[in-house]
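Let's take a walk through this structure together.

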Amino acid sequence: MKVTINGRLIEAKEGQTILQVALANGMYIPHLCYHDKVGAAGKCRACVVEVEGMRGLQTSCSVQLRDGMVINTDSETVKNAQKLVIDLMLSSGKHDCLSCEQNGNCELQDAAYFLGIERASVQYGDINRETDESSEFVYVERDKCISCGRCVEACNNVVVNEVINFGNRGHHTEIVFDTDLPMGQSTCVQCGECSQLCPVGAIVDKKNKGVARYWETQKVRTTCPYCGVGCQLELHVKGEQIVKVTGVEDAEPNKGRLCVKGRYGYDFIYSKDRLTTPLIKENGQFREASWEEALGLIREKFGKIIEESGPDAVAGVSCARSINEDSYSMQKLFRSVFKTNNIDHCART
Amino acid sequence: MTNSFSEFKNAKCFFCIGTNMTEAHPVAATFLKNAVRNGATLIVADPRKQPLTKYAKLFAQIKVGTDVAFLNGIMYVLIIEDLYDKEFVENNCVDFDKLKESVMKYPPEKAAGICKVSAEKITEIARTLASFKPVMLCYTLGITEHTCGKNNVMSTANLQMLLGNMGKESGGVNPLRGQNNVQGACDMAALPNVYHGYQKVTDPAMKEKFEKAWGVTGLSDKVGLMMPDMMEGLVSKKVRGFWIFGENLANSEPDISHVEHCLASAEFMVVQDIFPNETTKFADVILPSAAWSEDNGTFTNSERRINRVRKIKTPPGIAKPNWWIFKETAKHFGHEWPSNSGQEIWDNEISVLAPAYGGVKYHRIENDGLQWPCPTIEHPGTKYLYKDGKFSHGKGIFKSVEWTPPAEVEDKDFPFVLSTGRRLYQYHTRTQTGRAGMDALYKEETADISIADADRLGIKHGEKVYVESRRGKVNVTARVTEEVPAGMVWMTFHYREGNANWLTNAVFDPETKTAEYKACAVNVYK
């Protein structure tokens, strides 16, 4: 079907919403509660647009396109309505960007920038919602929450951990964990899906707080080093330091989802305990050695054993955590150099 | 896995047996929970009332080590009530008569006596399984870590063939692999019987192929030793030189006292790792490795998907990529290897020498990886195996399987069964998670025991208890939980202190040599 958005004739598919098609065609509409993963909520009302023949403004995240629909996303009426929504959000929270983790990656900031809002026109005086630092890996600053509900939806219907919900009513509405417990004492498993989907700086990862601005980091896709699901990670890297990990949205097999180990378990590689040099045991003590010396000793000892007792007197165990290319190389060493098939790994543990 | 994680979404019914997915494969579990929310039926069989059971329509709390009896009981009902897929069995399978003969020895009443799931529930599960087409069967180490592990696996395959659930989207037999690249280590031939891509070392044509490719002569056509036999070989001096790469065997293998005796017996031992650990102390030479994120390469996940792993930092000190260490060792023995990076090894050797990966090249896996088999550069990869019921070796062969109990069962002195597994917040022997802040979320090993046993023995939650087997004794904190049935203790091998492997039994499946981590006899006392 064909629809017209801001005068442009655009091809669209059955079931798509105005917002999806506008975004796919490079036309930004502010939106805060909508995310591909959690779907339309029609809640924040930042995405309102005009649709010819429909009365009043429509939330573009929830209106499905019909053939021939004519839509305006940039009229004065629309912009004014969007501005009011964003202005009120800015007014009702502590959206101080200077040291906010989300600065540069904040969807509220993007919306304000797009609409040319310099600062909130009013500021409520009574905002003093509880900041929750009780969780090991997740930091919750409720003063920055815009009650978009993405985290609630994600926790309950994406990862189905069923911990986060809205508590209280009206002006006092806020996110709560289980029966309003501190996050760290709740049944939260710290998968961090809420942090990944939070459009503002209300739910952020503790590990990278104050470590790097969003724009200072390079994003590198890789595969998780833990279980056999093979989740796709985006490493946010500053220099050689991983400062944050997010799931790659739309990637197979994890579609952006991660668990606590995948998202927060990355920093073992920086541990001061790492082995940094070859070591040779002498009189029961290890001493540092060069590669040449260590490999020379292996040549001597393995060579002698093979000469005396045959190739099957040596055996090797490969690693189920290292890359394919390493396991291939190890078995190639045992098979083609040592001439034994005594090679295995812990496939069964 | 014969099938893929993406197929969870449209699955109509799951049969999860011996898989604590929410803790061991948390992200996979989210897709399963989504499907259940959307109407899929979940059947769980597990000795523990673990978190998946919350989403299950039917839960069979089977006694540890009775899977074959339980599954045969289900198949008995399917055959007697004529509920199995006759067309699939006739067209795609052989030896149904042999299966039938063995299964007929397990009427539900008899199976119930063994597996402690009522005959009514066994019948209900069978009928439920038959009412969906297809059913996706998932398992993990709860099936394999038994002396009868291979038979357990065969039983799951028998069941899925009988139900006609093989070669179908959202069906199949799906073992979720525990480690990030355990699938890859198998595929890459860190196994004593095959070259990579499962090409048999005993096949003269393969020997010739690899001698030519590697420019060597005299490759061995004799199947090598599996790990437990290597360990015994260290004691008998049949194995004199031992090279351990990235495995903390002193904590991860059953019966630590015995394992350490084996390791201490090694005449010359090389350990290649990223951290000093309980195993490196037995080494004569320690080689420092590049870790995850310090080298470019690939991992292969449970669904056979080959994914890229990327380098973002240099290794510490003079630590080196592992492939470099092996290449340089080969050089010391007079062998020059051509490839000089992960990509060169994959694109020019691995992919060229194994038909299953022929179409997998680095330039094709920049984003989402490819699932093998992927024989040609145009091939899109294989989402699920055995399409239209066409198995790789022709027809699916039913294997007649009899139940055998664990090697060590409860008795007067050791009246509890110890079963082991993994917890969400830790990974294996904690060499990684212990240095990534996870200790804050799970700080010590616990002995999980039932409320009934705790009451009977006067043990309070959080109190220190002794757990003792014929092989060792540990002093750990009791975690009293409704997850565990009476008569069972459940532990892990994450911590050195209180490691379950001080207690576990070093007995193995005769063919696969998988250790019986899931069952041994222990006592618990204050």
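Accessible areas here come from the Shrake-Rupley method with a 1.4 Å probe, and for residues only the protein chains shown count as cover. With that in hand, chain A exposes about 14,400 Å², of which carbon and sulfur atoms supply 46%. Please keep in mind that this is a predicted model, in which local features need pLDDT of at least 70 and side-chain atom pairs count only at pLDDT 80 or more, while totals for chains, interfaces and linings use all residues. Residues are numbered from 1 along each chain as its sequence is written, chains are lettered from A and ligands numbered from 1 in the order in which they are written, and side-chain values use heavy atoms, with hydrogens and water left out.

Let's stay with chain A. Its secondary structure consists of eight helices and 17 strands; helices (H or I, at least four residues) and strands (E, at least two) are DSSP runs, numbered from the N terminus. Chain A has a radius of gyration of 27 Å, well over the 20 Å that the globule rule gives for 349 residues, so it is more spread out than a compact globule. That radius is taken over C-alpha atoms, and the rule is 2.2 Å times the number of residues to the power 0.38. Along the principal axes, the C-alpha atoms of chain A fill a box of roughly 90 × 50 × 35 Å. Of the 349 residues in chain A, 58% are buried, where buried means under 20% relative accessible area, exposed over 50%, and partly exposed in between (1.4 Å probe, protein chains only).

One residue to look up in chain A is Ser60(A), in the loop between strand 4 (58-59) and strand 5 (70-72). Is Ser60(A) buried or exposed? Ser60(A) counts as buried, at 0% relative accessibility. Leaving out residues up to four places away in sequence, Ser60(A) touches Thr17(A), Ile18(A), Leu19(A), Ile29(A), Cys47(A) and Val49(A); contact means heavy atoms within 4.5 Å.

Now turn to chain B, which has 17 helices and 23 strands. The radius of gyration of chain B is 24 Å, close to the 24 Å that the globule rule gives for 526 residues, so it is as compact as a globular protein of that length. Its C-alpha atoms fill a box of roughly 65 × 60 × 45 Å along the principal axes. Buried residues make up 66% of the 526 in chain B. Among contacts in chain B between residues at least 6 apart in sequence, 68% join residues at least 24 apart.

Next comes the interior. A nonpolar core is a set of buried Ala, Val, Leu, Ile, Met, Phe, Trp, Tyr and Cys residues joined through side-chain atoms within 4.5 Å. Which residues touch the most other members of the largest core, with its 105 residues? They are Phe8(B) and Trp243(B). Helix 7 (residues 291-309) of chain A gives this core its largest share, eight residues. Apart from it lies another core of 44 residues, including Cys93(B) and Leu163(B).

Our last stop is Val507(B), found in strand 21 (residues 505-508) of chain B. Val507(B) is partly exposed, with a relative accessible area of 23%. Beyond its neighbours within four places in sequence, Val507(B) is in contact with Thr147(B), Ala407(B), Thr514(B), Ala515(B) and Glu516(B).
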